[in-house]
Amino acid sequence: LALFGQFRRFANMYFLLVGLLMYFGETTGYFLSPYPAATTLAPLALVVAVSLLQEALTDLARHKADAEVNNRPTDLVNPSEQVPQFKVKTGKIIRVLNGDQIPADLVILATSTEANSCYIDTASIDGETSLKIRRAPQLEHPLTWMTEAAPKDEHQLHAIMEELEGVVECDPPNEHINSFTGTLKYAQCDELVPLSKDHVVLRGSSLHTDWLLGLAIYTGEDTKLALNA
């Protein structure tokens with residue numbers, strides 16, 4: 001496929017056809033060429049070989065970077081364990097610390113701030129360098145752990161998250177990084193909470209708040225970052 005891609009380029013195809021015509025003339029004697037076919041085919045072969053080598057090195061570097069990201073340790077809360085990023089499944093609650101990259105597309109459940117908000121850097125996704133604010137969805141009648149003042153008892157919050165139950169209904173996986181719609185319903189209350197992009201942090205963005213706890217909704221190849229690759 002890589003070789004086929006090289007000859008989809010007009011210049012390479014042109015010099016290949018010229019070289020083959022020159023070679024055909026040399027071997028059959030139907031017509032004469034002032035230069036041997038090797039003067040065209042040899043440089044072409046060198047150019048194609050260098051291009052293929054460059055593509056191979058680029059692919060190797062990409063695979064190495066992907067492997068590094070996929071094996072990056074990720075902290076789960078339900079149950080409390082650390083797993084490689086590629087093993088994160090939808091429905092898991094993930095703990096992310098300040099400066100870490102978000103390992104999956106997450107609905108924010110809680111953060112270190114009293115308002116349950118956080119700042120994220122999305123430069124690796126959309127090129128924008130300004131920090132964006134995201135927040136956990138608000139209930140009309142908040143659950144007790146949602147109103148805890150900062151600094152929060154993170155260990156107690158983890159214990160609550162291990163027992164937390166609920167349902168999220170949202171869009172199927174798609175590449176639209178600025179769009180998200182869905183609903184969240186906790187088992188502990190009857191309230192149905194609407195979700196938007198303001199309640200979601202995307203894989204590849206970086207956290208600029210002490211910590212957050214988020215529910216994985218899209219993971220692996222289903223994340224918006226992967227679908228835009």
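Reply:

**The sheet and its salt bridges**

Strand β5, residues 117-121, pairs with β6 in the antiparallel sense over four bridges. Strands here are DSSP runs of E with at least two residues, and helices are runs of H or I with at least four, both numbered from the N terminus. Two strands count as paired if DSSP finds at least two bridges between them. The model is a predicted one, in which local features need pLDDT of at least 70 and side-chain atom pairs count only at pLDDT 80 or more, while totals for chains, interfaces and linings use all residues. Residues are numbered from 1 along each chain as its sequence is written, and side-chain values use heavy atoms, with hydrogens and water left out.

Within this pairing, Cys118 stands opposite Arg134 in β6. The sheet is open and has three strands in the order β6-β5-β11, with antiparallel pairing. Its edge strands are β6 (132-135) and β11 (206-207), each of which pairs on one side only. In general, strands of a sheet pair through backbone hydrogen bonds, either parallel or antiparallel.

Now to the charged side chains. A salt bridge here is a side-chain nitrogen of Lys or Arg within 4 Å of a carboxyl oxygen of Asp or Glu. By this rule there are six salt bridges. Lys132 forms a salt bridge with Glu128, with the closest N and O atoms 2.9 Å apart. Lys132 also meets Asp126 in a salt bridge, at 3.5 Å from N to O.

How accessible are these residues? Buried means under 20% relative accessible area, exposed means over 50%, and partly exposed lies in between (1.4 Å probe, protein chains only). Lys132 has a relative accessible area of 15%, so this residue is buried. Asp126 is partly exposed because its relative accessibility is 29%. Glu128 has a relative accessible area of 39% and is therefore partly exposed.

Asp198 and Lys197 form one, with their closest N and O atoms 3.8 Å apart. Asp198 is partly exposed at 30% relative accessibility, and Lys197 is partly exposed at 34%. Asp75, Arg95 and Glu154 are linked in a network of salt bridges. In general, side chains of opposite charge can pair when their charged atoms come close.
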